[in-house]
Amino acid sequence: MAKRVAMIAVAQNAGTESKDNFYDQAYRVTKEVLDKAGMTRDDIQTIVSASSDVFHGGISCANSYYWETTGAFLKNASRQDGESLFALFYGAMRIMTGHYDTALVISLCKGSENPPLDTCTLMYSDPFYFRNVGLTETLAAALQMRLYMEKYRISEEQCAKVAVKNLRNALGNPYAHKKGRFTVEDVINSERIADPLTEMQCAPKSEGMVATILVSEEKAKKYTNKPVWIKGFGSSIDSYGIGDRELLNGQLRQAAKRAYKMAGIKNPLEDIDMAEVTEPYAFQELLWCEDLGFCRKGQGGKMIDSGMTEKNGEMPVNPSGGVLANNPYVSRGLQRAVEAFLQIRGEAGERQVEKKVKTALAHGVHGFAGQCHAVAILGR
Amino acid sequence: MTKEFRTVKTEIRLPYELAYGETWTRFFDGMQEKKIYGNTCPKCNRVLVPARAFCPRCFVDMDKWVEVSQEGTLIAWSYTNYKYYGMPTEPPFIGALIRLDGTDVNFLHLLGGIDLSNFEEVRKIVKNGMKLKAVWSDDRKAHIMDIKYFKPV
């Protein structure tokens, strides 16, 4: 990259239902990230937020409502609607223009207050066709899972193991919404809501204000001796029509390729130390890991069996518990970057992986069955 | 759940009236006549269904309309057994991706015509690769649910 951009501080709130008002919760997280960076509101030059209009919040033009709480009024600010990892990219790009040295990136979502997730995701379906057939994010994922299991002989047990791992990892994450020690049988025997998906293989609906502060390379030294650099990012979008797509051959491979090229990653398994991926449905962690190049195509089941993606494995994936443990819908991608930041700095507390983390990957996804993927490479 | 703090219950109802446009209108008029229309891309020659104005891959106009087969192969399915607002029918139902014969993309619809009450029985019958056939409603409204479901042949 032409100009380097550093993440210097992060803040987030717990995913469980809180009594907080949206406005106050966003304010507290903004205040916390400024305090951690040693900044005041005046030090921030530009702000990029991520939130959903109406659906995941109940307010339209929600950004006009929350500009005060994010410290943005009287400043330059805009909102990314959709996956929040893009807000990180846009914040970095603003600094790369050379016109700004500091940016606040914040994603806002208070899931506990919202309708059930699929009430919202049914509205992503077009009203002419898909909505009338009942296409939700869950149905799309269930169809994708069926294809994945049959094509590559991935077992129900292997898919369930992702939920077992992530909910166990979440025991070390004070921000996680769902956590616990469960067995593969617990996961498989939970309510069969959209076979082959069972309830415990689907992410919950969580709260999450998630923030980070970005600074230019010139200013980074002033604020921190532990900058985390944004080394590369990439994204790619597939067709909207779920029937038009090859659901097992999506765009994550392309998004990762773009990010790896920018970051100079040649061999992801060697060059990346850990990953935080967005897996709203358990089996997707396996499929996404294949596309990220952590194992060969169709080998996601063997990968989870090998223990490679465990917290102390060769490639820890979602030591935070991932999205199955905490799903602040819009904020989930940026939260992956925040978790990766903490791992790189060695500040992830009980969820810190044993191996030294120099380079980490954060992944975000939105749309049905991974229509749109975003990948960020962060590092020391 | 009972909360120890005050909350406000709010609901947003927003009426919209969206244009089907020429292509969707013709496709849904076809539904009323028990016909499934697709069209062929002049560049990649793929038959896409439902019919559409342009090929998303080649980005050229789609002009050659074809009536496609009402039979096809089951590609993927999900036995959906939970309630959500706006669902097409009371649960359980089976959402299915179907490759209609002679077409090059999958068609999303429902699989029915069998007893859906017991999942264990359903999974003995429903298998990817099985042949399916459209079953039409008698009361058709130029709507995607003019096809009631696809049933095993």
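In helix 3 of chain A, the buried residues are Leu85(A), Phe86(A), Ala87(A), Leu88(A), Phe89(A), Gly91(A), Ala92(A), Arg94(A) and Ile95(A). Helices (H or I, at least four residues) and strands (E, at least two) are DSSP runs, numbered from the N terminus. This is a predicted model, where local features need pLDDT of at least 70 and side-chain atom pairs count only at pLDDT 80 or more, while totals for chains, interfaces and linings use all residues. Residues are numbered from 1 along each chain as its sequence is written, and chains are lettered from A and ligands numbered from 1 in the order in which they are written.

Back to helix 3 of chain A: 9 of its 12 residues are buried, so the rest of the structure largely encloses it. What about its length? At 1.5 Å a residue, the 12 residues (85-96) should span 16 Å, and the end C-alpha atoms sit 17 Å apart, which agrees; the expected span is 1.5 Å times one less than the number of residues. Just past this helix, Gly98(A) takes a positive phi of about 90°.

Over in chain B, 3 strands make an open sheet in the order 2-1-3, with antiparallel pairing (two strands pair if DSSP finds at least two bridges between them). Strand 2 (47-48) and strand 3 (64-67) of chain B are the edges, each with a single partner strand, so one side of each has no neighbour in the sheet. Strand 1 (residues 37-40) of chain B joins strand 3 of chain B through 4 antiparallel bridges, with Gly38(B) opposite Val66(B).

Next comes the contact between the chains, which takes 34 residues from chain B and 31 residues from chain A; residues are in contact if their C-beta atoms, placed from the backbone, lie within 7 Å. On the chain B side, strand 4 (71-80) supplies the largest share, 5 residues. Strand 4 of chain B also pairs with strand 5 (residues 194-195) of chain A, antiparallel over 2 bridges, and Ala194(A) has Thr80(B) as its bridge partner.

Strand 5 (93-100) and strand 6 (107-111) of chain B each supply at least two residues to that side too. These two strands pair in the antiparallel sense over 5 bridges, and Ala96(B) stands opposite His109(B). Their hairpin has 6 residues between the strands, and in it Gly102(B) takes a positive phi near 85°. As for strand 6 of chain B, 5 of its 5 residues are buried, so it is largely enclosed by the rest of the structure.

Conventions
Buried ≥ 20, exposed ≤ 12 C-beta atoms within 10 Å, placed from the backbone. Contact = placed C-beta atoms within 7 Å.
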